[in-house]
Every structure is written in C-alpha cells, then in structure tokens.
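Colleague: I am new to this structure and would like a close look at a single part. Please take me through the surroundings of one ligand and whatever can be said about the annotated site.

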Amino acid sequence: MGEIIDGRKLADEMQANMAETVASMVKKPGLVVIIVGENPASQTYVRNKEKTAVKIGIHSKIDRLPETVSEDELVSLIETYNQDDNFHGILVQLPLPKHIDEDRILLAIDPRKDVDGFHPFNVGKMMTGQAEMIPCTPYGIMKMFEAYNVDLNGKHAVMVGRSNIVGKPMMHLMLDANATVTVAHSRTVDLAAVTKEADILVVAVGQGHLIDKSYVKPGAVVIDVGMNRSPEGKLIGDVNFEEVKDVASLITPVPGGVGPMTITMLMDQTIRNAQK
Ligand SMILES: NC(=O)C1=CN([C@@H]2O[C@H](COP(=O)(O)OP(=O)(O)OC[C@H]3O[C@@H](n4cnc5c(N)ncnc54)[C@H](OP(=O)(O)O)[C@@H]3O)[C@@H](O)[C@H]2O)C=CC1
Ligand SMILES: Nc1nc(=O)c2c([nH]1)NC[C@@H]1CN(c3ccc(C(=O)N[C@@H](CCC(=O)O)C(=O)O)cc3)C=[N+]21
Ligand SMILES: [Mg+2]
C-alpha cells in the first residue's frame, strides 16, 4: 500500500511561509484574475484562488466578464492591467469562449506579469533554460517531488497528455531533472503498455478514472492532475485512486493533491514578481 502525497498539507505549509514574507513587504503583491462567462468549474477555481490570496495577504481582484465580451474589449482590459503598478500578476482563466482567440489573449499579457507562464516569451525562456515564469501545475508537481524526496535522475517518467498548460511544460521540467521522458496522448497505441514502464507517471487527460491498476508498474510514483465530475457529481481524478494506491509507492489524491499546489505556485510567482 502506497503513501499518499498530501498536497493540501504541503500547500498550507508553503502558504504560511508566504504569508510571513508578504507581511514584511511594504507594497503588497497584487493579482488580478479575469474570468469570462459562467463555467461553474472555473468559478470554483477562481473562488479558491481568491480565498488563498486573502489568506496570504495578496491584494486580489476578480474581473468577471460576460460570455459575450469581444476579443478587442478583453485585450484592452489586459492592457490597462499591464500598465497598472498595483498588479504584479495577471491571469486569464482558460478556456475562453469559442469566439475569442486564446493565442491573441495570451500574447496581450505583459510577459513580466504572466504568472501562469503561458506567454510564448516565457515558454521559450523555460525551454532554453532561462525560466522566469513556470506554469503553476507542473511547478507545483516538481515541489511535491522535492518535498517527498522523489529523485527523477535516470528514472523513466511518462507524461500522459500534451497540453500547453500541463503536459508539455511538465515534460520539459522532468527532462531538466534528468528523467528519461516519454509523452503519451490520445493517438498513443497501447497506452497501458507505455504507462506500465513508468517509474514516475503523471496523468493530465481529463478522463475520469482512465488509469486503473493495470496501467501502473508496482512501486511507481503516480501524480493525478485530472479534475472530472463522476456521474454522481463527485470530483474525481484521471486515476482510479482506490485501485492504484495499492500498487503505487506514492500517489496524489483528488481533491487534495495537485490542485492546491497549483494555486500555491500562482501565489509564489505573484510574490516573486512584486519583489523584483
Ligand atoms: N489540478 C490542477 O491544478 C489542474 C487540473 N487540470 C485538469 O487536468 C486535466 C487535463 O487538463 P489539460 O491538460 O488542460 O487538458 P487538455 O484537454 O488540453 O489535454 C488533454 C490531453 O490528454 C490527451 N488525452 C485525452 N484522452 C486521452 C486518452 N484516452 N488517452 C491518452 N491521452 C488522452 C489529449 O490528447 P491529444 O493531444 O491527442 O488530444 C491531450 O493531450 C483536466 O481534467 C483538467 O481539468 C488542468 C489544469 C490544472
Ligand atoms: N489561466 C489558467 N490557469 C490555470 O491554472 C487554470 C486555468 N486557466 N483553467 C483551469 C485550470 C484548472 N486549475 C485548477 C486549479 C486549482 C484547483 C483546485 O484547487 N483543486 C482543489 C479543489 C477543487 C474543488 O474542490 O472543486 C483540489 O484539487 O483539492 C483545480 C484546478 C487551474 N487551471
Ligand atoms: Mg477559443
């Protein structure tokens, strides 16, 4: 039976340290979150971010825009925050409605305030060993590895999922930590055969309980990024936790695993920006 990686507890510890840092700062770090439309899942994340910011002492603002807002209006709003010294971080919650071009929106954010690390400038910096802003979910997972003494050096890491916000940056960070990295996705033939080879398995696909114990090598470290609703309306991961916990050596639960760490790293980067 594996050990559970307590993301909630680690996040609380890190947040307590951040609160001390912020208390000693004359100018408080500021974070603005822009959310378009009424996606209920997005609303939950945004509420959690707000709660955490308040707890740490970060000045936080949420701009809620109607689903019908135009791309140009959203760009001008971002431009005002680019100029506003009270905000050190700007986050535009994804996904955006279909009529808005996400690439254009991400480009509009001043890279110095891009606390998500999604701007192509920051992506390029990270890929070339000059990272300044790191996507928060992969960054939080690396902090979990550190806290639980998971050494990636020479290990076979398998990343399932290749999105710009999780899979690709996670692939890169594990490569930088000297793992041998395989990336799997929806066109992978025989996914289980690939994941069974993993010493470290990170899953970000958005398919509830896709990964059962037949996908996991005994003793593997399993990180579940997924956030899905079960038919009964429960929040569940991409990994069947109850089954896989008996095979894995270390495993993250959902909720209480990766999610709280994502939010923590967002606060970390906002504070770091404010100190610059
Ligand atoms: N806890 C947290 O902090 C966060 C959680 N999430 C959650 O993580 C999950 C993934 O998010 P995100 O990366 O944005 O998702 P995307 O939908 O952007 O990407 C999903 C990836 O999974 C792949 N995939 C889908 N189905 C399968 C399958 N059956 N077998 C193998 N690969 C598959 C897709 O392949 P292809 O490229 O071929 O389409 C794609 O690369 C979601 O549940 C999301 O809610 C996301 C961000 C943060
Ligand atoms: N620009 C942008 N940046 C993001 O970082 C971003 C985004 N868009 N869009 C959506 C995804 C998803 N995401 C989560 C963050 C925290 C939890 C989280 O706090 N989860 C808690 C509880 C969730 C609950 O109880 O509903 C947990 O797992 O314990 C989940 C998901 C950030 N994302
Ligand atoms: Mg779109």
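Modeller: What follows goes from the ligand shell to the annotated residues and then to the sheet. This is a predicted model, in which local features need pLDDT of at least 70 and side-chain atom pairs count only at pLDDT 80 or more, while totals for chains, interfaces and linings use all residues. Residues are numbered from 1 along each chain as its sequence is written, and chains are lettered from A and ligands numbered from 1 in the order in which they are written.

Around ligand 2 there are 18 residues, a residue being near a molecule if its C-beta atom, placed from the backbone, lies within 6 Å of it. The closest are Asn48, Leu94, Pro255, Gly259 and Thr262. Helix H2 (40–56), strand E4 (89–92) and helix H10 (258–275) each supply at least two residues of this shell; helices (H or I, at least four residues) and strands (E, at least two) are DSSP runs numbered from the N terminus. The most comes from H10, with four residues. Domain 1 (26–111) and domain 2 (136–259) each give at least three residues to the shell, with domain bounds taken from an automatic or database domain assignment. By class, the shell has eleven nonpolar, six polar and one charged residues. Here Ala, Val, Leu, Ile, Met, Phe, Trp, Tyr, Cys and Pro count as nonpolar, Asp, Glu, Lys and Arg as charged, and the others, Gly among them, as polar.

As for the annotation, an unreviewed UniProt entry lists Gly161, Arg162 and Ser163 under "binding site"; such annotations may be inferred rather than shown by experiment. Arg162 lies in the loop between strand E5 (156–160) and helix H7 (167–176), and Ser163 is found in the loop between E5 and H7. Arg162 counts as partly exposed because it has 18 C-beta neighbours inside 10 Å, and Ser163 is partly exposed with 17; buried means 20 or more other C-beta atoms within 10 Å, exposed 12 or fewer, and partly exposed in between. Beyond four places in sequence, Arg162 touches Gly167, Lys168, Val183 and His185, and Ser163 is in contact with Lys168 and Ala204, contact meaning C-beta atoms within 7 Å.

E5 belongs to an open sheet of six strands in the order E1-E11-E8-E7-E5-E6, with parallel pairing. Its edge strands are E1 (3–4) and E6 (180–184), each pairing on one side only. E5 and E7 (residues 200–203) pair in the parallel sense over four bridges, where pairing needs at least two DSSP bridges. Ala157 stands opposite Ile200 in E7.

Terms used: Contact = placed C-beta atoms within 7 Å.
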